[in-house]
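The sequence and model come first.

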Amino acid sequence: MAWGCALCLALAGGALLALLVQLLRWLRADGDLTLLWAERWGKKPEHELRGKVVWVTGASSGIGEELAYQLAKLGALLAISARREDELQRVKKKCLQISSLSDNDILVLRLDLTDRSSHETATNSVLKHFGKIDILVNNGGRSQRSLFVDTNLDVYNAIIELNYLGTISLTKYVLNHMVQRKKGKIVTVSSVMGIMGAPLATGYCASKHALQGFFNSLRTELTDYPEISIIQICPGPVQSQIIQNVFTENLAKSIENSGDQSHKMPTDRCARLTLVSVANDVKEAWISDHPYLAVCYLWQYAPTWAWWLMNRMGKRRIQNFKSGIDADASYSRKKK
């Protein structure tokens, strides 16, 4: 009897210790625990992505630009797209400087996601150059900083046209190729705003929720193609140029002051975790510091608490925005 009690106590103690370890990991985490497990114990991008043909949209700045650099270092063959061809040429030049790739290994392809009539031709251009597309990274898009009551409806039309319809249009042509090959990866950079709701981003949240619903549904349509992966990346605040390029209350207006971005996750860390997700076929990856990471978990498992917390965070977010500082500055961890 005593031996049995001792065993029960030992098992309970072990379970408690394991729970505490997980809690400590979570408190220090900058991604969901499944993703961080894959980072430590899973497949490495260095082994999985070398030699793959990867098409990255929105590659002229921010996360897309950093993905291009990291993929180049890994030895992936690149097609990089955005509207600004001069910026793409700059990215290509740096990719060649930091990698062993040759000029022909990187295709610069100007692309406007809102011009859906050009997407089939663009896809054919990549296929003509490389012969295949192993991975499409849907990264192109714009965020928003404006209150709904102040925002013209044509802004919402533009957000949906770019972030949602442009993304699924390009995906359609690339997916046709992948279905023929019966393999490939469709990676879409969504956002934590595709999981939760937040003030100042009603249109942006709507577009990202649309992407989440679309790709979750598409995944279920591809069960006959087990080697085609649908991967959704949900970053929180990241150091990038996204704030300078946001939609505001009207299409002609740009944001006057983007504020200090140093408190946000470094772009290279976000890109690295994205590539870990791709290498390990993580269906949905949350890449964020707290408190946004905590809110993702709450939104998933305790939505009533999440709504309460977001109401409190939302007030501060609006106050920050109206004061001319970054909306997320007051509750994001300061980066050293």
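In which loop is the place of valine 149? Valine 149 sits in the loop between S4 and H7, where helices (H or I, at least four residues) and strands (E, at least two) are DSSP runs numbered from the N terminus. The model is a predicted one, in which local features need pLDDT of at least 70 and side-chain atom pairs count only at pLDDT 80 or more, while totals for chains, interfaces and linings use all residues. Residues are numbered from 1 along each chain as its sequence is written, and side-chain values use heavy atoms, with hydrogens and water left out.

**Overall build**

- The secondary structure of the protein comes to 11 helices and seven strands.
- The radius of gyration, taken over C-alpha atoms, is 21 Å, close to the 20 Å that the globule rule gives for 336 residues, so the protein is as compact as a globular protein of that length. The globule rule is 2.2 Å times the number of residues to the power 0.38.
- The C-alpha trace spans about 75 × 45 × 40 Å along its principal axes.
- Of the 336 residues, 51% count as buried. Buried means under 20% relative accessible area, exposed means over 50%, and partly exposed lies in between (1.4 Å probe, protein chains only).
- Contact means heavy atoms within 4.5 Å. Among contacts between residues at least 6 apart in sequence, 74% join residues at least 24 apart.
- The accessible surface comes to about 16300 Å², and 55% of this belongs to carbon and sulfur atoms. Accessible areas come from the Shrake-Rupley method with a 1.4 Å probe; for residues, only the protein chains shown count as cover.

**Largest pocket**

- A pocket is an open set of points on a 1 Å grid over the protein atoms alone, with protein on both sides within 12 Å along at least five of seven lines; a cavity is a set of points where a 1.4 Å probe fits but cannot get out; lining residues have an atom within 4 Å of a point.
- Grid points are joined across faces, edges and corners, and a volume is the space filled by probe spheres set on the points.
- The largest pocket holds about 960 Å³ of space. It is lined by 45 residues, of which Asn139, Gly141, Arg142, Ser143 and Ile242 are the closest to its centre.
- H4, strand S2 (77–82), helix H7 (153–181) and helix H8 (202–221) each give at least two residues to this lining. The largest share, three residues, comes from H4.
- By class, the pocket lining has 18 nonpolar, 18 polar and nine charged residues. Ala, Val, Leu, Ile, Met, Phe, Trp, Tyr, Cys and Pro count as nonpolar, Asp, Glu, Lys and Arg as charged, and the others, Gly among them, as polar.

**Cavities**

- The count is two cavities of 30 Å³ or more.
- The second largest cavity has a volume of about 40 Å³, and its lining consists of Leu49, Val54, Leu67, Leu71, Ile135, Val137, Leu275 and Val278.
- Helix H4 (62–74), strand S4 (135–138) and helix H9 (267–279) are the elements that give two or more residues to the lining of this second largest cavity.
- That lining has eight nonpolar, no polar and no charged residues.

**Backbone features**

- The peptide bond from histidine 290 to proline 291 is cis, with omega near 10 degrees. Proline 291 is in the loop between strand S7 (284–287) and helix H10 (292–301).
- Lysine 182 has a positive phi, near 65 degrees, in a residue other than glycine. Lysine 182 is in the loop between H7 and strand S5 (184–189) and counts as exposed at 55% relative accessibility.
- Leucine 200 also has a positive phi, near 75 degrees. Leucine 200 lies in the loop between S5 and H8 and counts as buried at 1% relative accessibility.

**Single residues**

- Valine 149 counts as exposed, at 74% relative accessibility. Its C-alpha atom is separated by 28 Å from that of leucine 298, 149 residues apart along the chain.
- Alanine 122, in helix H6 (residues 119–130), counts as buried at 6% relative accessibility. Not counting residues up to four places away in sequence, alanine 122 touches Trp55, Leu109 and Leu111.
- Glutamate 85, in helix H5 (residues 85–98), counts as partly exposed at 39% relative accessibility. Glutamate 85 touches Val108 and Arg110, again not counting residues up to four places away in sequence.
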